[in-house]
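Hi,

Here is the structure I said I'd pass along. Have a look at it first, and then read on for what turned up.

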Amino acid sequence: MKWSFRLFAFAGTEVRVHVTFLLLLLFVASQSFLSGQGLPAALESTLFITTMFACVVLHEFGHVMAARGYGIRTPDITLLPIGGVARLERMPRKPSQELVVAISGPLVNVIIAAAIWLGLGINTALYPSYDFLQSGNFFQKLMMWNIFMVVFNLIPAFPMDGGRVLRALFAMFMEYGTATRRAASIGQGIAMIVAIYMLLNHTFQPMLLLICFFIFMAAGQEAAMVTQQEATRNLRVRDAMLTDFRSLPPEATLREGVELLLAGAQQDFPVLDAHGGIQGMLTRHDLISALAEKGPGQPVVEVMRPCPESTQATIDLTQALETLTSSNCPALPVLDPISGELIGLLTTENVGETLMVRAALRKLRA
């Protein structure tokens, strides 16, 4: 995710923090300081917010470890002001496995809250005017925060944990794509109802409205992704790969890359050795950025992105798209399995065009 930086890595998963999270810490500290409570209150508020988000990281690692049990890697977790986002390579397609992965995050918060309650003998209660940032001591507030996370994350608003639990339950009785679209519609409906309620009752809460927007957009994106996976079923990489492409040799300069960029519609160029093997990819973004910083004489090998992931023409297209999504390159190299020579490029644009053509042909036949 752009504008994020690495904190640490654990069990093969990077924990990153978005710069906007630092703005949240600054805002909380300044509010406490300006309220007249001084520097100690500002430091305590900052420490509590940091501890809250440490619980968020543990929540996300609950998902990570459960997914790892099914052979699914998680490249990174990113902390945002609205929570944490674990970027799993994919979600399990078996409903029972997705149910386990989805419920594992809230289960971590249950364990934390129970540990505080049992280990420290802390007790507290919710009441209408309860404010976990103000009511109780540090550990009471931390226990209530974890209980809040459990309740909030289990709201059946896809793609939150509760929504994924709902999708898994639906998928036990119906087709996976239908289950996803139904759970996504419910999630979007809940987000709209909450947003409209706030606007009509003049209870405007920017953070909650932002969460509603995130749920609405993410649910739509997830439903669209599953629909695409359904459309690419029974297709191979060879059915959608780009075979008419231009490439650059390692000794080429950015000037030659610009000439290729302006000469046609292709935006990303593979850098090939003398035997047709791929060394990296020169993207349009990297080309323009390097051109402004280093000039047209810069060798492309110093600008290109390494593309360690690749695929083959006979691989299932859905599987290849998952690899492309997790890749750092905008195009997935398609290699000959014997010679290792580059024979094609798989891009989301080409896949989209392939699906549109197939849909038009189906409509014609119908």
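The second largest pocket is lined by 14 residues, and those nearest its centre are Ala265, Gln267, Asp268, Thr347 and Glu349. A pocket here is an open set of points on a 1 Å grid over the protein atoms alone, where a 1.4 Å probe fits and protein lies on both sides within 12 Å along at least five of seven lines; lining residues have an atom within 4 Å of a point. Its volume is about 350 Å³, taken as the space filled by probe spheres set on the points, with grid points joined across faces, edges and corners. Helix α10 (residues 348–365) contributes most to this lining, with four residues. By class, the lining has five nonpolar, five polar and four charged residues. (Nonpolar covers Ala, Val, Leu, Ile, Met, Phe, Trp, Tyr, Cys and Pro, charged covers Asp, Glu, Lys and Arg, and the others, Gly among them, are polar.)

Before going further, bear in mind that this is a predicted model, where local features need pLDDT of at least 70 and side-chain atom pairs count only at pLDDT 80 or more, while totals for chains, interfaces and linings use all residues. Residues are numbered from 1 along each chain as its sequence is written, and side-chain values use heavy atoms, with hydrogens and water left out.

Now the helices, which like the strands are DSSP runs numbered from the N terminus (helices H or I, at least four residues; strands E, at least two). Helix α7 (residues 254–263) and helix α8 (residues 284–294) have axes that come within 10 Å and cross at roughly 130°. Axes are lines fitted to C-alpha atoms, for helices over the stretch in contact, and angles run from 0 to 180 degrees between N-to-C directions. α7 and α8 are therefore oblique to each other; under 35 degrees counts as roughly parallel, over 145 as roughly antiparallel, 65 to 115 as roughly perpendicular and the rest as oblique. Leu254, Gly257, Val258 and Leu261 of α7 make the contact with Arg284, Leu287, Ile288, Ala290 and Leu291 of α8, contact meaning heavy atoms within 4.5 Å. Seven of these residues are nonpolar, one is polar and one is charged.

Another pair is α2 (residues 95–120) and α4, whose axes come within 8 Å and cross at roughly 160°, so α2 is roughly antiparallel to α4. Pro95, Glu98, Leu99, Ala102, Ile103 and Pro106 in α2 meet Asp161, Arg164, Val165, Arg167, Ala168 and Ala171 in α4. That contact has eight nonpolar, no polar and four charged residues.

Helix α5 (residues 176–200) packs against helix α6 (residues 206–231) at about 165°, with the axes 9 Å apart, and that makes α5 roughly antiparallel to α6. Their contact has 15 nonpolar, seven polar and three charged residues.

Two spots in the backbone are worth a look. Most residues other than glycine have a negative phi, and most peptide bonds are trans. Ala11, in the loop between β1 (4–10) and β2 (13–18), has a positive phi near 55°. The peptide bond from Phe158 to Pro159 is cis, with omega near 10°, and Pro159 lies in the loop between α3 (138–153) and α4 (161–171).

Cheers
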